[in-house]
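Hi,

Here is the structure I promised to pass on to you. Please have a look, and then read on for what turned up in it.

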Amino acid sequence: MKKRIILPITAVVIFLTTTSYKSDFFEIAKQIEIFTTLFKEINMNYVDETNPADLMDTAITAMLADLDPYTVYWNEQEVEQARIQNSGEYTGIGASVQTKDHKITIIEPYKGYPADKAGLKAGDEIIKIGDVDLSQFENDAGELLKGSAGTSVQLTFKRQGKTKTTQLKRESVELHAVPYSKLIDGDIGYIVLSKFNRKASSEVATALKELKEQGAKKIILDLRGNPGGLLTEAVNTTNIFVDKDEVITTTKSVIDKYNKTYKTQRDPMDKEIPLAVLINGRSASASEIVSGGLQDLDRGVVIGARSFGKGLVQRPKKLTYNTQMKVTISRYYTPSGRCIQALDYWNRDEEGKAVRTKAEDYNEFTTRNGRKVYDGGGILPDVQLETSKYSGVTQALMEKNAIFDYATNYYYNHQLTQPEAFEFTDADYEDFKKYLSSSDFDYTTKTEKELKETFKIAKEEGFNDEIKSQYERLLKEIEKAKTQDLDEKKPEIVSLLTDEIIKRYFYQEGLYDYYIEENPEIIKAKEILNNSNEYNKILGRS
């Protein structure tokens with residue numbers, strides 16, 4: 001006897017509400033009908049029991065995978081997470097966590113919040129929440145950490161091979177868009193903008209006002225690591241430093257209603273104060289709107305490394321049952337006309353991966369003062385520094401948590417009493433490389449991938465014996481080059497190791513205290529701001 005599974009009406013509604021009627025309606029209706037009948041037949045006839053919700057999730061994920069990574073489906077929990085991200089307020093344990101393979105790892109406990117007060121540290125691996133063993137928990141374990149303010153939860157976790165327990169009370173947590181601002185060197189205001197939530201521009205404005213009252217005559221705006229957020233907040237943040245009615249960005253789409261021009265709406269707080277903007281490879285989206293706008297208008301000097309290169313705009317669309325889809329609706333362009341999107345998701349390589357725009361294909365544009373700028377590859381700083389860059393080996397180290405895990409081990413094996421006393425020495429770097437060897441860290445370069453693909457084709461064509469020895473020799477040479485890569489990219493790797501280690505001892509605040517004295521990007525920004533001739537020359541004013 002066949003099991004009876006009712007097809008959820010949401011299956012049809014989701015596809016109807018997420019479909020654009022810009023193409024032939026009959027074709028859309030036809031494909032929805034095919035999918036609906038297929039979905040029903042699988043659930044009613046498949047040899048093993050099926051889970052309709054899991055099948056639907058798989059179908060949606062596969063469909064969206066052919067688009068871009070920013071067009072995604074959000075379930076109820078993910079909708080709530082997005083709300084928290086934009087508002088900066090939630091109730092929980094007060095820590096950044098990573099959920100993976102039935103484990104929750106503490107990435108960063110926020111100073112003074114429940115996780116911190118309960119003694120949790122970065123690197124702690126939560127294995128049990130209350131009576132729930134996470135190894136047996138199939139749903140999103142992160143949801144178990146949430147709850148009403150004042151409610152208690154017991155956590156069992158592993159630290160350096162030992163199992164421990166702690167109890168904490170959940171609290172309301174507020175994450176500031178501007179986590180740090182300070183007057184440095186007597187007349188330079190330093191402002192860190194970490195995200196573009198609904199409070200971003202107001203918090204930057206407040207910080208600027210307070211710093212000027214303290215005597216700031218120049219400003220450093222730090223957008224490094226800022227992944228973006230609300231487009232309107234990017235425009236409002238730029239507006240703090242530029243005139244009313246300036247075009248900051250335009251959006252273009254095949255759908256007319258998404259073609260918009262975003263201008264500044266208010267008078268600026270200060271359109272004259274010398275400004276340096278810091279970016280790196282993790283500065284994306286709204287960060288690039290701000291840095292690109294200020295660069296195109298010659299309002300400030302951009303320092304660091306090429307930004308991420310996300311020139312796409314998303315908008316959430318409500319679906320049924322409290323779910324949503326975040327869909328890419330348009331591309332955005334800086335005041336000079338640049339679209340800085342680096343990856344082409346609509347023309348993929350043989351492996352189905354997005355193709356990166358090549359430097360020779362960049363188009364040239366000019367800033368207000370006539371300086372040359374380019375599209376297609378993120379925002380290229382006016383002043384580039386090695387310590388801000390993210391090469392292939394650095395990306396691999398981050399993706400595989402090698403820097404994070406080494407910092408955890410470092411914390412439990414070294415004493416550090418104050419941020420300014422820290423120095424990651426040459427001996428420390430050698431120890432880091434030994435750690436990588438013992439942890440079997442490895443990554444595959446683009447050269448290796450193409451070489452292996454070439455050898456595969458050669459085997460199919462019968463050239464295996466003739467070229468095998470050369471192939472193996474080339475692979476060994478590549479391995480040597482990868483080892484050398486760790487030394488060649490030492491400045492950027494040491495910079496990331498320093499950031500991660502200092503946070504373990506002194507939280508974000510301690511890291512920024514260290515930055516204002518020792519960070520190469522800030523030192524360079526201060527140098528340029530203190531030299532009006534160089535500042536004006538970079539901006540094409542002389």
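Lys503 is partly exposed, with a relative accessible area of 22%. Its salt-bridge partner is Glu500, and the closest N and O atoms of the two are 4.0 Å apart. Glu500 is buried, at 14% relative accessible area. Both residues sit in helix α14 (residues 490-518), and because they are three residues apart there, about one helical turn separates them. Before you go further, please keep in mind that this is a predicted model.

As you know, side chains of opposite charge can pair when their charged atoms come close. A search of the whole structure finds 25 salt bridges. Here are the others I looked at.

Asp298 and Arg371 form a salt bridge, with 2.7 Å between the closest N and O atoms. Asp298 is buried, with a relative accessibility of 3%. Arg371 is buried as well, at 14%.

Arg371 also meets the side chain of Asp382 in a salt bridge, at 2.8 Å from N to O. Arg371 lies in the loop between β21 and β22, and Asp382 in the loop between β22 and β23 (383-384), so this pair ties together parts that are eleven residues apart in sequence. Asp382 counts as partly exposed, at 25% relative accessibility.

There is also a network of salt bridges, and it links Asp222, Arg224 and Glu521.

Now to the surface. Asp349, Glu350, Glu450, Glu453, Glu460 and Glu461 form a negative surface patch. One of these residues, Glu461, is in the loop between α12 (446-460) and α13 (464-488). Why does Glu461 count as exposed? Its relative accessibility is 54%, and the cut-off for exposed is over 50%.

A nonpolar patch is also found on the surface, formed by Leu38, Ile42, Tyr46, Val47 and Leu55. Together these residues have about 470 Å² of accessible area. Ile42, one of the members, lies in helix α2. Ile42 is partly exposed, with a relative accessible area of 34%.

Two backbone angles may interest you. Most residues other than glycine have a negative phi. Gln160 is not a glycine, yet its phi is positive, at about 50 degrees. Gln160 is placed in the loop between β7 (152-159) and β8 (162-169), and with 44% relative accessibility it counts as partly exposed. Asn401 likewise has a positive phi, near 60 degrees, and is a residue other than glycine. You will find Asn401 in the loop between α9 (392-399) and α10 (402-411). At 23% relative accessibility, Asn401 counts as partly exposed.

Is Asn197 buried or exposed? Asn197 is buried, with a relative accessible area of 0%. Asn197 belongs to the loop between β11 (188-192) and α6 (200-214). A polar atom of the Asn197 side chain lies 2.9 Å from the backbone nitrogen of Lys199.

Asp24 is in the loop between α1 (9-17) and α2 (25-45). With a relative accessible area of 47%, Asp24 is partly exposed. How far apart are the C-alpha atoms of Asp24 and Thr151? They are separated by 53 Å, and the two residues are 127 residues apart along the chain.

Best wishes

Definitions and conventions. Residues are numbered from 1 along each chain as its sequence is written. This is a predicted model: local features need pLDDT of at least 70, side-chain atom pairs count only at pLDDT 80 or more; totals for chains, interfaces and linings use all residues. Side-chain values use heavy atoms; hydrogens and water are left out. Patches are made of residues with over 30% relative accessible area and no salt bridge: like charges are joined within 9 Å, nonpolar side chains (Val, Leu, Ile, Met, Phe, Trp, Tyr) within 5 Å. Accessible areas come from the Shrake-Rupley method with a 1.4 Å probe; for residues, only the protein chains shown count as cover. Lys and Arg count as positive and Asp and Glu as negative; His and the chain ends are not counted. The place of a charge is taken as NZ of Lys, CZ of Arg, CG of Asp or CD of Glu. Helices (H or I, at least four residues) and strands (E, at least two) are DSSP runs, numbered from the N terminus. Buried means under 20% relative accessible area, exposed over 50%, partly exposed in between (1.4 Å probe, protein chains only). A polar contact is a pair of N or O atoms within 3.5 Å; within protein, one must be able to donate a hydrogen and the other to accept it, and residues adjacent in sequence count only if both atoms are side-chain atoms.
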